[in-house]
Protein chains: 2
Amino acid sequence: MKIKHHIVLLLTFIGLITAVEVKAQEHPSLILTKSGVEKIRKELGTVPLFDATLKNVQAEVDAEIELGIDTPIPKDFSGGYTHEKHKRNFLMMQKAGVLFQILQDEKYAVYVRDMLFQYEAMYKDLPVHPQTRSYARGKLFWQCLNDSNWLVYTSQAYDCIYDWLSKKERKKLEKNLFKPFADFISIENPQFFNRVHNHSTWGNAAVGMIALVMDDAELLERALYGLKDDGLPAGAKDNDGGLIREEGQQTGFLANIDEPFSPDGYYTEGPYYQRYAMYPFLVFAEALQNVKPELKIFEHKNGVLLKSVTALLNLTDADGKFFPLNDGQKGMSYYSRELVTAVDIAYYYGGLNPQLLSIAAKQQSVLLDDSGLEVALAIRDGKVKPFQKKSINLTDGADGKQGGVGVLRSGNEDFTLVFKYAAQGLSHGHYDKLSYSLYEKGNEVIQDYGLARFVNIEQKGGGNYLKENKTWAKQSIAHNTVIQNETSHFSGKYEIGSKHHSDLNFKDFSNEDFQIISAKETNAYPGTELNRTLVMMNLKGSDKPIVIDLMKVVSNTQNQYDFPFYFMGQVVNTNFNYVTENSLKPLGTKNGYQHLWLEAKGKSSEEINQFSFLNKEVFYTISTASQKNDELLFTRIGANDPEFNLRRDAGYMIRRNAKNTVFASIIEPHGSYSHVSEFSVDSKSHIENLKVVHDDENYTAVKITTVDKEQHLIIISNNKDKNSKEHTLIINDKEYNWKGSYHYSIIK
Amino acid sequence: MKIKHHIVLLLTFIGLITAVEVKAQEHPSLILTKSGVEKIRKELGTVPLFDATLKNVQAEVDAEIELGIDTPIPKDFSGGYTHEKHKRNFLMMQKAGVLFQILQDEKYAVYVRDMLFQYEAMYKDLPVHPQTRSYARGKLFWQCLNDSNWLVYTSQAYDCIYDWLSKKERKKLEKNLFKPFADFISIENPQFFNRVHNHSTWGNAAVGMIALVMDDAELLERALYGLKDDGLPAGAKDNDGGLIREEGQQTGFLANIDEPFSPDGYYTEGPYYQRYAMYPFLVFAEALQNVKPELKIFEHKNGVLLKSVTALLNLTDADGKFFPLNDGQKGMSYYSRELVTAVDIAYYYGGLNPQLLSIAAKQQSVLLDDSGLEVALAIRDGKVKPFQKKSINLTDGADGKQGGVGVLRSGNEDFTLVFKYAAQGLSHGHYDKLSYSLYEKGNEVIQDYGLARFVNIEQKGGGNYLKENKTWAKQSIAHNTVIQNETSHFSGKYEIGSKHHSDLNFKDFSNEDFQIISAKETNAYPGTELNRTLVMMNLKGSDKPIVIDLMKVVSNTQNQYDFPFYFMGQVVNTNFNYVTENSLKPLGTKNGYQHLWLEAKGKSSEEINQFSFLNKEVFYTISTASQKNDELLFTRIGANDPEFNLRRDAGYMIRRNAKNTVFASIIEPHGSYSHVSEFSVDSKSHIENLKVVHDDENYTAVKITTVDKEQHLIIISNNKDKNSKEHTLIINDKEYNWKGSYHYSIIK
């Protein structure tokens with residue numbers, strides 16, 4: 001990932017900053033503006049959503065003021081008292097600052113001032129945090145990251161009471177608290193500040209926002225372009241195993257926009273971290289827009305910051321929960337405070353898209369600033385339109401050429417298939433090339449495990465990443481993809497994985513009844529090429545789509561391939577025989593296999609192996625074209641888990657010894673069960689057979705036969721270069737002709 | 001259970017029936033009445049809930065008529081096509097009959113008639129059902145039970161088109177279908193018809209309802225009083241292991257009201273089966289009330305049928321789901337069609353209690369008859385009042401002297417504790433004396449496993465009881481109670497269990513901040529007496545109640561006691577050390593122990609053993625006063641489960657070797673976690689210590705110390721006979737005086 005236009009931009013920006021410096025700065029100007037406050041005060045009492053948010057915030061802050069101020073000596077990890085208290089403090093200061101401006105009640109200014117001076121008194125002699133786990137220890141918190149959070153929020157509070165404070169007070173705060181604070185998280189921690197990572201984004205925004213309030217051009221430059229000479233060795237790593245530094249790496253806020261975002265707005269670490277980073281990205285951008293509009297930050301890289309909000313909203317299930325690609329905590333959703341910020345700012349600065357209003361309306365909360373007011377006014381005035389999620393393909397990589405993520409949707413988000421063929425995703429990436437997950441509405445059918453961490457729950461490893469994140473969650477076997485010889489993709493090595501990415505073969509979402517996407521991975525296992533094609537298609541007479549999954553494996557060598565499905569629900573039945581184990585043993589000893597109990601083992605007996613399960617009152621069947629010696633394993637997560645850090649979720653897995661092979665499967669929802677009516681409807685699969693009828697270098701073809709004896713043929717062109725050509729293939733004496741990447745027809 | 005007034009009633013009833021026979025009967029008269037239909041037709045279009053229900057039913061029946069009639073040759077178990085089809089047929093006929101009356105559109109009458117004649121043509125030569133599992137095989141279905149369902153519904157359909165049919169048609173149907181059908185499920189299957197059981201209730205109602213339509217006094221007498229001479233041997237059993245016949249057993253519909261219902265309306269099989277039986281109980285009662293009002297059926301046994309509806313509604317969690325006491329499928333709730341019937345009939349015939357309307361409003365559906373109209377009118381007219389669920393104690397046994405079930409509630413159903421100290425519960429009973437389960441709102445915190453069955457899912461053992469129901473679900477170790485020497489209560493023997501019941505010691509729900517209930521079991525383990533006292537209490541400064549659980553065990557011998565908690569959620573941490581197993585083995589070989597994997601084992605190290613878990617964003621801690629050699633086991637259900645019939649749920653268990661002992665525990669909800677804000681609040685227990693400070697024949701006392709150093713003392717009087725007396729006890733040189741069953745105070 002290399003950016004070449006930086007130097008030019010740099011020169012341009014320095015010129016602009018210098019030009020702006022002569023103008024006396026007014027306060028507040030960061031997030032709230034003087035004119036914005038006037039408008040807000042005029043509309044108070046007439047904008048239901050804004051008024052409701054204000055009332056909630058006021059109640060919360062009033063209760064907090066009642067409790068009194070506490071700034072304890074830092075001691076704990078996340079989840080512990082001192083951590084949670086300092087976190088609460090900065091959140092409350094930011095809110096109190098806003099309340100002071102909007103309500104013009106001095107008690108809020110007093111609260112912010114008193115707390116700031118307690119921090120000021122404490123900070124100058126504060127050593128680094130006693131917990132030593134982080135590669136960049138903070139002072140208030142165990143890592144600089146959280147210290148940066150503090151400064152991003154506190155800058156806003158300071159901006160709100162800036163004019164109310166005396167010059168002497170400001171001078172004292174800036175000299176003893178803000179300037180040293182900004183220096184600590186940047187100059188003194190270049191390994192944190194000077195990289196391309198969500199951590200640095202927070203650091204850059206923190207330094208940049210306090211710079212804007214203090215009108216400190218040197219700090220602002222540091223924030224935007226990074227430290228010039230950080231003395232960091234190339235190849236250094238953080239405590240999550242992430243690379244800190246590549247040779248020739250650009251740094252600073254702009255580099256953090258340029259590199260991790262693809263032109264489509266996909267953030268390479270994945271949606272969970274995009275959500276986390278959205279706040280500093282957007283709130284600092286908003287501040288820049290307000291204080292330095294001449295930077296045109298929202299137009300940077302073709303407006304990628306605003307595009308990224310739409311991309312992120314598209315990376316949610318029907319309930320608004322983010323797909324847990326890479327390290328992602330399940331349950332995190334567009335109801336989070338970061339997304340309230342993102343949606344409001346994207347609405348206000350991104351052309352007033354009325355679809356965003358429907359998300360804001362669901363969030364039931366707005367920012368207490370100009371953008372939030374605008375959103376609330378628009379909702380009040382009935383401008384809301386539903387946010388339309390359709391099938392979408394998002395490229396990955398700064399240049400959009402490092403693979404991507406495809407999301408296939410059917411109906412009104414009734415079914416959602418998430419296909420990952422992206423780059424590594426920096427230090428939060430998982431080794432799961434060509435993996436996927438499947439949702440029915442907001443329910444997981446085939447799950448992505450997500451991360452192994454209980455964020456902010458102190459008793460669980462300080463609320464930080466657990467060792468099982470590395471030994472299980474990141475490993476290939478934890479995902480719905482193919483695993484060769486019980487080793488992870490790229491041998492589970494970040495240095496290798498981060499050099500590569502998968503590539504799209506083709507996609508076609510133009511027909512809702514037959515959506516297809518195909519991608520290739522050639523580096524996960526040297527000497528082996530993986531091609532996965534996923535189809536979401538509606539069978540006639542069925543009210544739900546099926547997913548057809550064709551994983552073609554071509555290798556130089558004979559290998560053991562494991563092909564797991566992490567299904568959610570309870571086993572209903574199988575068409576093959578299996579035997580459960582009398583005692584459970586781990587399936588392997590390393591690469592994640594040590595965390596799987598083997599519950600049962602079956603042998604392929606038919607042409608097609610079928611396994612049905614029941615989840616949340618819906619039946620599903622996985623049908624796989626079988627080979628004679630296929631083994632069918634039922635697994636359970638949780639072996640070698642000495643502190644119960646892993647969920648006891650189930651897996652179903654096909655194990656096959658082969659050189660070249662095709663795993664052809666259908667995942668099929670059908671029927672329903674009600675625990676109230678006790679009606680069991682349509683509980684059996686509609687698939688009678690699934691057969692790979694052709695497979696060579698050029699073409700792979702499967703035939704699906706339904707119980708109604710309808711036959712469907714799908715042919716994939718394996719040679720991407722010839723996709724625009726005319727193709728002819730004879731299967732069972734019948735000739736098929738088509739143009740393009742694939743052929744689909746109903747035969748017989 | 002013996003009823004002595006039957007003979008007197010019998011004579012009275014025979015007189016009445018004879019008297020009524022002279023009156024020419026009008027039709028419909030069973031559920032719909034001629035005058036009711038008139039009223040309904042007059043109100044059509046003005047009663048939203050009734051109109052909506054009617055519209056739904058009409059759409060459903062119209063679609064079914066469109067499909068055409070199919071009465072396949074019986075072949076399948078529940079879940080299979082022929083079973084589900086015949087089931088659908090009777091439900092549709094009943095609805096079509098109602099539509100004919102209300103809409104006066106002949107197509108519905110034609111549909112019912114044509115289907116009836118298909119059944120008529122088929123029935124006379126129909127052999128018993130080919131599936132042989134049942135102790136009483138039906139003809140249309142694999143068991144007479146389902147045949148009876150058919151007749152209960154079909155009688156209503158017949159009643160609706162009775163006048164529309166020609167006399168000749170009626171004669172043919174009655175001669176070839178209804179009369180032989182009624183005889184088959186009664187005379188030809190006395191082992192089904194002539195017992196006290198929910199099966200027989202359906203059989204009795206079926207025969208009784210067709211009797212009322214056909215005006216057949218002999219059949220009606222059979223329905224009400226059973227077969228006089230059934231030739232059944234005492235001691236015969238059904239295929240669920242239930243006793244068919246006791247010596248001198250009364251039978252028939254009235255006996256089925258008299259015996260299984262306690263005077264409080266608790267049904268001894270438990271709420272799941274009460275729900276199932278409610279339909280024939282109430283619909284036949286309604287029919288009797290309409291056709292034979294002089295029987296005053298709703299006043300029978302002090303109006304127990306109507307009382308039972310209130311009892312049943314009180315046996316639900318905050319979401320309306322029934323507590324799965326004994327055999328109960330989880331998820332079944334007051335949204336079921338049986339409860340629509342129950343609520344509407346109870347409202348109409350039981351004094352128009354406006355609280356029932358709030359349940360009907362939630363159900364969003366009413367009966368399409370006089371009672372449903374009345375409910376819908378009352379809702380339309382704004383008469384709804386919230387249904388108030390409070391703490392309640394329901395006696396078990398025909399005379400109310402066979403133990404009971406206590407439900408302790410806190411707040412607005414925020415916490416619900418269900419304590420079972422009842423009788424065996426007939427053939428669906430579990431061996432779980434003095435067990436309990438705990439809910440926060442509608443979420444299980446400490447669960448009762450329920451049954452091991454996938455009702456109507458054919459692939460799972462024909463939708464019938466699975467063998468794991470007997471080997472796991474019924475066993476004591478599957479419940480939250482004490483298990484001695486790895487054997488179940490009463491050695492898991494129905495003959496023994498059904499002779500005994502637990503007994504209430506005392507209860508006091510008068511103070512919502514301190515609710516207490518205590519019961520005794522002396523027969524589960526001969527030579528061992530179990531006394532369990534449960535307290536739901538609010539600690540000052542806490543917004544949620546804690547549950548204090550004192551299980552006192554007194555035995556003649558030294559024993560191993562296992563004391564499990566089937567907690568829901570994931571382990572957060574413990575204050576004791578434990579070691580997880582490298583391979584999992586079953587905890588035992590029989591009595592349910594063969595189904596538990598041992599996941600980890602710990603040793604007691606402190607005065608108090610504490611274990612915290614997280615469930616649905618709430619933290620909970622179980623604190624137990626420990627003894628030196630206590631073992632702490634983590635278990636997982638699912639061993640020896642060759643067809644994945646069991647859920648992989650977790651257990652936590654204290655294992656103690658002792659003769660006499662007290663298991664003193666606190667189950668404490670605290671704090672919260674949000675996956676969206678990622679705030680972890682109040683994640684640690686507020687309990688510092690829990691100590692048994694006194695224990696002898698007369699008194700057991702525990703002292704609770706909170707982290708705020710507040711000390712709470714609870715003393716239980718163990719001698720029930722002295723409960724009304726004054727008590728004095730010296731503990732640690734301090735004298736305590738109180739009157740009654742218990743003492744509670746805050747000390748120091």
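The following exercises, each with a worked solution, concern a predicted model.

**Exercise 1. Determine how A:Glu64 and A:Arg88 are paired, and where each residue lies.**

Solution. 
Step 1. A salt bridge requires a side-chain nitrogen of Lys or Arg within 4 Å of a carboxyl oxygen of Asp or Glu.
Step 2. For A:Glu64 and A:Arg88, the closest N and O atoms are 2.9 Å apart, and the two residues form a salt bridge.
Step 3. A:Glu64 belongs to helix H3 (residues 48–67) of chain A and A:Arg88 to helix H4 (residues 81–103) of that chain; the pair, 24 residues apart, links distant parts of the chain.
Step 4. With a relative accessible area of 4%, A:Glu64 is buried, whereas A:Arg88, at 28%, counts as partly exposed.
Step 5. A network of salt bridges links A:Glu60, A:Glu64, A:Lys85, A:Arg88 and A:Lys95. Over all chains, the structure holds 77 salt bridges.

**Exercise 2. Explain which parts of chain A are tied together by A:Lys441 and A:Asp414.**

Solution. 
Step 1. A salt bridge joins the side chains of A:Lys441 and A:Asp414, at 2.9 Å from N to O.
Step 2. A:Lys441 is in the loop between strand S4 (435–440) and strand S5 (443–446), while A:Asp414 is in the loop between strand S2 (404–410) and strand S3 (415–421), so the pair ties together parts of chain A that are 27 residues apart in sequence.
Step 3. A:Lys441 is partly exposed, at a relative accessible area of 36%; A:Asp414 is also partly exposed, at 29%.

**Exercise 3. Classify A:Lys175 as buried or exposed, and state which patch it belongs to.**

Solution. 
Step 1. A residue is exposed when its relative accessible area is over 50%.
Step 2. The relative accessible area of A:Lys175 is 62%, and therefore this residue is exposed.
Step 3. A:Lys175 is located in helix H7 (residues 167–185) of chain A.
Step 4. On the surface, A:Lys175 gathers with A:Lys124, A:Lys167, A:Lys168, A:Lys171 and A:Lys172 in a patch of positive charge.

How values were computed:
Residues are numbered from 1 along each chain as its sequence is written. Chains are lettered from A and ligands numbered from 1 in the order in which they are written. This is a predicted model: local features need pLDDT of at least 70, side-chain atom pairs count only at pLDDT 80 or more; totals for chains, interfaces and linings use all residues. Side-chain values use heavy atoms; hydrogens and water are left out. Patches are made of residues with over 30% relative accessible area and no salt bridge: like charges are joined within 9 Å, nonpolar side chains (Val, Leu, Ile, Met, Phe, Trp, Tyr) within 5 Å. Accessible areas come from the Shrake-Rupley method with a 1.4 Å probe; for residues, only the protein chains shown count as cover. Lys and Arg count as positive and Asp and Glu as negative; His and the chain ends are not counted. The place of a charge is taken as NZ of Lys, CZ of Arg, CG of Asp or CD of Glu. Helices (H or I, at least four residues) and strands (E, at least two) are DSSP runs, numbered from the N terminus. Buried means under 20% relative accessible area, exposed over 50%, partly exposed in between (1.4 Å probe, protein chains only).
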